[in-house]
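Reader: I have a structure to go through and I'm new to this. Can we take it step by step?
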Amino acid sequence: MWSGIGLDNKRGKMDLSICTGCMNRDKFIEEALPTWVKIPFKEIVIVDWSSKNPVKDIVDKYQNGTIKLV
């Protein structure tokens, strides 16, 4: 499905990143992350603006080495 266009053949990752910001949107991050980690993004950057319930536990659950939490 992802073979060819935009892939870095050495790492098997696309040369694309996804970035999202959130504050108190842990439910939506919980829904989105399982689908995002299936796509071979170079990195997934999540910026958490002091949510009441930090999203770190959600990120840790789906961490595959590409997710960066700021």
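Author: Start with a definition: buried means under 20% relative accessible area, exposed means over 50%, and partly exposed is in between, with a 1.4 Å probe and protein chains only. At 3% relative accessibility, cysteine 22 therefore counts as buried.

Reader: And cysteine 19, buried or exposed?
Author: Cysteine 19 has a relative accessible area of 57%, so it is exposed.

Reader: Before I go on, what kind of model is this?
Author: This is a predicted model, where local features need pLDDT of at least 70, side-chain atom pairs count only at pLDDT 80 or more, and totals for chains, interfaces and linings use all residues. Residues are numbered from 1 along each chain as its sequence is written, and side-chain values use heavy atoms, leaving out hydrogens and water.

Reader: Back to cysteines. How many disulfides are there?
Author: A search of the whole structure gives 0. The test is a pair of cysteine sulfur atoms within 2.5 Å.

Reader: OK, new topic. How many helices and strands does the chain have?
Author: The protein chain has 2 helices and 5 strands. Both are DSSP runs numbered from the N terminus: helices are H or I with at least four residues, strands are E with at least two. In sequence order the pattern is β-β-β-α-β-α-β.

Reader: How much of the chain is buried?
Author: Of its 70 residues, 27% count as buried.

Reader: Which strands are in the open sheet, and in what order?
Author: It has 3 strands in the order E3-E4-E5, with parallel pairing. E3 and strand E5 (67-69) are the edge strands, each pairing on one side only. From one strand to the next, the twist averages 15°. Axes here are lines fitted to C-alpha atoms, for helices over the stretch in contact, and the angles run from 0 to 180 degrees between N-to-C directions.

Reader: What counts as pairing?
Author: DSSP has to find at least two bridges between the two strands. Strand E3 (residues 17-22) and strand E4 (residues 43-48) run parallel and are joined by 6 bridges.

Reader: Which residue in E4 is the bridge partner of cysteine 19?
Author: Valine 45 is the partner of cysteine 19. Threonine 20 has isoleucine 46 as its bridge partner in E4.

Reader: Where do side chains point in a strand?
Author: In a regular strand they alternate between the two faces of the sheet.

Reader: What do E3, helix H1 and E4 make together?
Author: E3, helix H1 (residues 26-36) and E4 form a right-handed β-α-β unit. Right-handed means that, with the strands pointing away from the viewer, the path from the first strand over the helix to the second runs clockwise.

Reader: Where do aspartate 15 and lysine 42 lie?
Author: Aspartate 15 is in the loop between strand E2 (13-14) and E3, and lysine 42 is in the loop between H1 and E4, so the pair ties together parts 27 residues apart in sequence. Aspartate 15 is exposed at 54% relative accessibility, while lysine 42 is partly exposed at 38%.

Reader: What else touches down around there?
Author: Leucine 16 is in the loop between E2 and E3. Leucine 16 touches Phe41, Lys42 and Glu43, not counting residues up to four places away in sequence; a contact means heavy atoms within 4.5 Å.

Reader: Which residue forms a salt bridge with glutamate 43?
Author: Lysine 68 does, with the closest N and O atoms 3.4 Å apart.
Author: Lysine 56 is partly exposed at 47% relative accessibility, and aspartate 60 is partly exposed at 41%.

Note on methods. Salt bridge = Lys/Arg side-chain N within 4 Å of Asp/Glu carboxyl O.
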